[in-house]
Amino acid sequence: MAQKKFILSETDIPEKWYNIVADMPNKPLPPLHPGTKEPIGPDMLAPLFPMELIKQEVTTEKWVTIPDEVREIYKIWRPTPLFRAYGLEKLLDTPAKIYYKYEGGSPAGSHKPNTAIPQAYYNKQAGIKRITTETGAGQWGSALSFACKLFDIECEVYMVRASYDGKPYRKIMMNTWGATVYPSPSNRTETGRKILAADPHSPGSLGIAISEAVELAFQDENTNYALGSVLNHVLMHQTVIGLETIKQMEQAGDFPDIIVAPFGGGSNFAGISFPYLRLNMEEGRKIRCIAAEPASCPKLTRGVFRYDLGDTAGMTPLLPMYTLGHNFIPAPIHAGGLRYHGAGAIVSQLLKDGLIEAQSIKQLECFEAGIKFAQTEGIIPAPEATHAIATVIREAEQAKKEGTAKTILFNLCGHGHFDMGSYEQYLSGKLVEHEVTQEEILESLAELDTPLIA
């Protein structure tokens, strides 16, 4: 019998995170103060993050040691398995070999605890009593709620209203771990009240939810803020995924030609691709790394590369990113975790330099791919993960046309057990297609007065 899954032991949990900045030919440009437009120092980040995370944000060291306490908690679900998708390959009748790294076995059901645990750990070390955060579909909020409970830290989550209303079990999951969850925009912050005054039925956005969480963290010295994607330290924490996968692909006696992951802010994509991009840069490998984003929020494929705010209210530093504009509010698609207006600085620089690729996919194609995967491999994927699966199917079908036996690897970042409402809409033919128009993008970008990047 052919081997289906490839398993590592707990001793194979990585001892260090990989920092791709050390190997990048062009380093990311520095964040800027939103008022002065000058590069910021640690003092601007200190009210939000513990100093150890700030150090990780700016380090150029190639490897950063994972604390023993964090690795001990990682053992709950790490190392995660790598699977060969024989069933999907058969359905597609493709010569391509398809592998997927499955992150849905974590307590929160996704890859997000890989960074939630160390972020809670460093905040605990700094004596922080409460952490505020945002969440889209609820994966990040769930992960941070779990992590904060382990370290006895209060957790307050601002959940994008479109998902708060559409995914109630995610909220209950966070409540079970002791977190308090509010729909965003809310009446609890100045930011939320202003937005609700202008639009009482606002579906919310990750940019708005970030503004609310940051506003509250600034007001209390015992409260910090935690982000689930975009920032350098967050992307670095996720590299445990790719570092494990390299060992597992060696077990399989195979090596990827193409790597695919869903893309919201960058943590999912970075987690599996960055350790392999190191091999491209160090050894001259030619692995194609593809970020799969929704057509309704296509910052990588249709946005512009310029400085922009990470949030809607303008409380965060200006980051060099591919962006649709910080006021952009995407359609309320079911892949709530991918509804972010911008991309992380590292990923943006890699795309600008042509070291990675990006594709956008419409919602119906994604759910069609998710159904095919569930019916052949058994796992019902989260809507976010279906973007990767749809891209994999495109690449596998292209391999069939070319008659080439490509090896494709993707990150199955989470299960869709709390997304049955989304699948019900698709199966009943009620799912609505969303693709943002060029007019909508240009209208959003016209509101920016942030520095352009040549």
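Student: How many of the 17 residues of α13 are buried?
Tutor: This is a predicted model, in which local features need pLDDT of at least 70, side-chain atom pairs count only at pLDDT 80 or more, and totals for chains, interfaces and linings use all residues. Residues are numbered from 1 along each chain as its sequence is written, and side-chain values use heavy atoms, with hydrogens and water left out. Buried means under 20% relative accessible area, exposed over 50%, partly exposed in between (1.4 Å probe, protein chains only). In α13, 14 of the 17 residues are buried, so the helix is largely enclosed by the rest of the structure.

Student: Where does α13 kink?
Tutor: The bend at a residue is the angle between axes fitted to the seven residues ending there and the seven starting there. In α13 a kink of about 45° lies at Ser273, shortly before the proline Pro275. Helices (H or I, at least four residues) and strands (E, at least two) are DSSP runs, numbered from the N terminus.

Student: Which residues does a cis peptide bond join?
Tutor: Most residues other than glycine have a negative phi, and most peptide bonds are trans. Here a cis bond joins Arg78 and Pro79, with omega about -5°. Another cis bond, with omega about 10°, links Ser184 to Pro185.

Student: Is Val230, with its positive phi, buried or exposed?
Tutor: Val230 has a phi of about 75° although it is not a glycine, and at 6% relative accessibility it counts as buried. Asp93 has a positive phi near 50° and is exposed, at 52%.
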